[in-house]
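This briefing walks through one protein model, beginning with a single residue and then widening out to the whole chain. Please keep the sequence and the structure in view as you read, and find each residue as it is named.

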Amino acid sequence: MAIKKTPLKVALCGMDSRSAKTMTLFLQGPCKDAAIVVPNPTEADIAIFEGDLPSSKKILENDLFVAFLDIK
């Protein structure tokens with residue numbers, strides 16, 4: 001019996017468009033579609049957070065925290 005593999009749903013939080021595009025291509029290419037990017041963090045199984053930007057602390061404290069309060 002074949003095992004059906006469902007891709008992991010990933011939210012990319014705090015990333016600029018260039019970083020998000022790079023991560024998306026990485027998930028599609030080397031990761032062989034093991035994960036897909038979803039636009040809403042509440043729909044994701046996991047979140048990858050970009051913590052190197054000047055606005056990262058604000059995003060983490062406000063937007064990301066609020067988004068995950070609503071999780072399943």
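Glu 50 sits in the loop that runs between strand E3 (46-49) and helix H2 (56-69). The model is a predicted one, and in it Glu 50 is buried but takes part in no salt bridge. The points below begin with the surroundings of this residue, and then turn to the overall layout, the core, the strands and the loops.

**Around Glu 50**

- The nearest side chain of opposite charge to Glu 50 belongs to Arg 18, and it is 11 Å away, whereas a salt bridge calls for a side-chain nitrogen within 4 Å of a carboxyl oxygen.
- A polar atom of the Glu 50 side chain does, however, lie 3.2 Å from the backbone nitrogen of Asp 52.
- When residues up to four places away in sequence are not counted, Glu 50 touches Cys 13, Gly 14, Met 15, Ser 19 and Ser 56.

**Overall layout**

- The protein contains 2 helices and 3 strands, and, read along the sequence, these elements follow the pattern β-α-β-β-α.
- Of the 72 residues in the protein, 22% are buried.

**The nonpolar core and Leu 12**

- The largest nonpolar core has 5 residues in all, namely Val 10, Leu 12, Met 15, Leu 27 and Ala 35.
- Met 15, which belongs to this core, is also one of the residues touched by Glu 50.
- Leu 12, another member of the core, is in contact with Ala 20, Met 23, Thr 24, Val 37 and Ile 48, once its neighbours within four places in sequence are left aside.

- Ala 11 lies in strand E1, which covers residues 8-13, and Ala 11 counts as buried because its relative accessibility is 1%.
- Leaving aside neighbours within four places in sequence, the contacts of Ala 11 are with Val 38, Pro 41, Ala 44, Ile 46, Ala 47 and Ile 48.
- Ala 11 and Pro 39 are 28 residues apart along the chain, yet their C-alpha atoms are separated by 6.3 Å.
- Ala 47, one of the contacts of Ala 11, has its place in strand E3, and Ala 47 counts as partly exposed because its relative accessibility is 34%.
- From C-alpha to C-alpha, Ala 47 is 5.9 Å from Leu 12, although the two residues are 35 residues apart in sequence.

**Residues in the other loops**

- Lys 32 is found in the loop between helix H1 (17-28) and strand E2 (35-37), and Lys 32 is exposed because its relative accessible area is 70%.
- Asp 33 also has its place in the loop between H1 and E2, but Asp 33 is partly exposed, with a relative accessible area of 45%.
- Most residues other than glycine have a negative phi, and this is the background for the next point.
- Phi is positive at Lys 32, with a value near 50°, and phi is likewise positive at Asp 33, with a value near 60°.
- Glu 43 belongs to the loop between E2 and E3, and Glu 43 counts as partly exposed because its relative accessibility is 41%.
- Glu 43 and Lys 9 are 34 residues apart in sequence, while their C-alpha atoms are 7.4 Å apart in space.

Methods:
Residues numbered from 1 in each chain as written. Predicted model: local features only at pLDDT ≥ 70, side-chain atom pairs only at ≥ 80, totals over all residues. Heavy atoms only, no water. Helix = DSSP H or I, 4+ residues; strand = E, 2+ residues; numbered from the N terminus. Buried < 20%, exposed > 50% of the residue type's maximum accessible area, 1.4 Å probe, protein only. Lys, Arg positive; Asp, Glu negative; His and termini not counted. Polar contact = N/O pair within 3.5 Å; in protein donor to acceptor, adjacent residues only side chain to side chain. Contact = heavy atoms within 4.5 Å. Core = buried A, V, L, I, M, F, W, Y, C linked by side-chain atoms within 4.5 Å.
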